Amino acid sequence: MMGTSTPEQVLGVRRGRVLTPSGFVEADIRIDEEGTIVAVDPGACEGLPEDLVLDADGREVRPGAIDVHVHVDEIQGRFVSREEYLDAASVARRGGVTTMAMFATARRGQSIREALVDRERDVLNFTWHPTHWTWHLTPRAWGPGTWKDLEELAGLGLTRVKIYTTYRRQGLQVSYDRLRKILPRLAGLGITALVHCEDPEVLARADGTVPPDARPFDHARLRPPEAETTAIQNVAALSLATGCAVHVVHVTLPESVDVLLHFREMGAPLTWETGMHYLCFPENVLRSEGSEVLLCTPPFRHERAVEGLRERVARGQVDLLASDHCPFELDDKLAGDGDPRRTPMGIPGVGATAPVAMELLERKWALLSPQGLQRMLSEAPARLLGLWPRKGGILPGSDADLVVWEERQTVACGAYWPEVMDPWSMIPIGRVPSHVLLCGQPVLWDGQPLQEDAGWPLWDNRFVLEQMENP
Ligand SMILES: [Zn+2]
């Protein structure tokens, strides 16, 4: 049926090399009308009408990637990150992402409930959704109102909050003392804390050593490795002491991984992520002219650290990969004349993580097997979101969030928006999605992104708003 019109709902994927949790199998995938996988077997598509079957023709079929760290429409000082939800989701789908978790960050004076309602309304303005989505909640205050909201929202399945140990001026910083009181209450509500770990005192000391009018490379001195390792040591100890599940975002250093492993071995309920940018780009790239467009926080690290982090990924000691997608327009990245104190922090990545990881971690560097990478891109993120095994794997009973990958020498993610600097456009990749299904519904077909008239992928968790009283 390839080349004929696109079906609204696919009920079978035939002749794929299907990546299951135990590796590749030659199999067909049978999908029911609700978009649930019912069988992964040779011959599972027998008897289905031809026009409802996608012929994978020997290509790889992998579970959709789940990106748990996506910033959309986020305020940073006087800057706002580049996109609306639909832009990010469109790019995500072209990179094989089928679910993304974004941040509902309370603005100043706004309750977390109001922040969530705002963000959901933004998303619901669109009648078409190229990915499934969910939210992490970032409260700005921790008074009784926040706890009441969190209790209600946890009951609706939103069981993750984002906490920063830094960013005092932005009104986001939570001290370790505060954290010691917050974490047990979160544990009581079954909420996982996603923690950005940088020690504020180390950062303040570092700031005093870097003169005004700093250059891009100074970002590495302004936010040194000790800031990360000190905060991670403290936060991991608090997770152990309180029993609260903590997910440490964007770990960049091998020493950080070693500390986290140590505390997990002692029983702390810890997980952690890194981003492909910390495995690809050493800090020296920030010495080149114009490198302010690559500035993100935490900064890129020394080559030895990059090497050590790769080794730990190869040993299976990093749970998952997430993009920390946060693109700014080129003009905004250049607005500070290269001074990291005046430059908005963040780079794109939601559409690049999966194809770049497949190219580098699996093929070029041969650090991970396909199933090992699948755990980092799909299974572990699904577990963090409380969605495994419904999402994150190709198994009977799971949602048919499927990506067919075809061999094609090209570049990742790049050139979607000329006004955004995209570091991933420099890395050639060998596989791109030809087809993407969300619960069996096509959102990418023969390499072509489908648009609004193609349907409305359904997901029954999608509208927390509708479940809330008096939104
Ligand atoms: Zn982030």
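This is a predicted model: local features need pLDDT of at least 70, side-chain atom pairs count only at pLDDT 80 or more; totals for chains, interfaces and linings use all residues.
1. **Domains.** The chain is assigned two domains: domain 1 (12–62 + 397–454) and domain 2 (64–384). Their C-alpha centres are 27 Å apart. Across the boundary, 31 residues of domain 1 are in contact with 36 residues of domain 2.

2. **The domain 1 side of that boundary.** Strand 2 (23–31), strand 16 (402–411), strand 17 (428–438) and strand 18 (441–445) are the elements that each give two or more residues to the side touching domain 2. Of these, strand 17 supplies the largest share, with seven residues. Sorted by class, this side of domain 1 holds 21 nonpolar, four polar and six charged residues.

3. **The main core.** In the largest nonpolar core you will find 122 residues, and I29, A193 and V248 have the most contacts inside it. Both domains take part, as at least three residues of this core come from each of domain 1 and domain 2. Apart from this core lies another, of five residues, including L295, C296, C326 and I347. As general background, nonpolar side chains tend to be buried together in soluble globular proteins.

4. **A closer look at V248 and V235.** Beyond its neighbours within four places in sequence, V248 is in contact with V195, C197, I232, V235, L260, L270 and W272. V235, in turn, belongs to helix 7 (residues 225–242). Is V235 buried or exposed? V235 is buried, because 27 other C-beta atoms lie within 10 Å, where 20 or more are needed. Leaving out residues up to four places away in sequence, V235 touches T165, V195, C197, V246 and V248.

5. **Helix 10.** This helix (residues 303–314) has 12 residues and reaches 17 Å from its first C-alpha to its last, close to the 16 Å expected.

6. Just after helix 10, G316 takes a positive phi of about 75°.

Notes. Residues are numbered from 1 along each chain as its sequence is written. A nonpolar core is a set of buried Ala, Val, Leu, Ile, Met, Phe, Trp, Tyr and Cys residues joined through C-beta atoms within 7 Å. A residue is buried if 20 or more other C-beta atoms lie within 10 Å of its own, exposed if 12 or fewer, and partly exposed in between; C-beta atoms are placed from the backbone. Domain bounds come from an automatic or database domain assignment. Two residues are in contact if their C-beta atoms, placed from the backbone, lie within 7 Å. Helices (H or I, at least four residues) and strands (E, at least two) are DSSP runs, numbered from the N terminus. Ala, Val, Leu, Ile, Met, Phe, Trp, Tyr, Cys and Pro count as nonpolar, Asp, Glu, Lys and Arg as charged, and the others, Gly among them, as polar. The expected span of a helix is 1.5 Å times one less than its number of residues.
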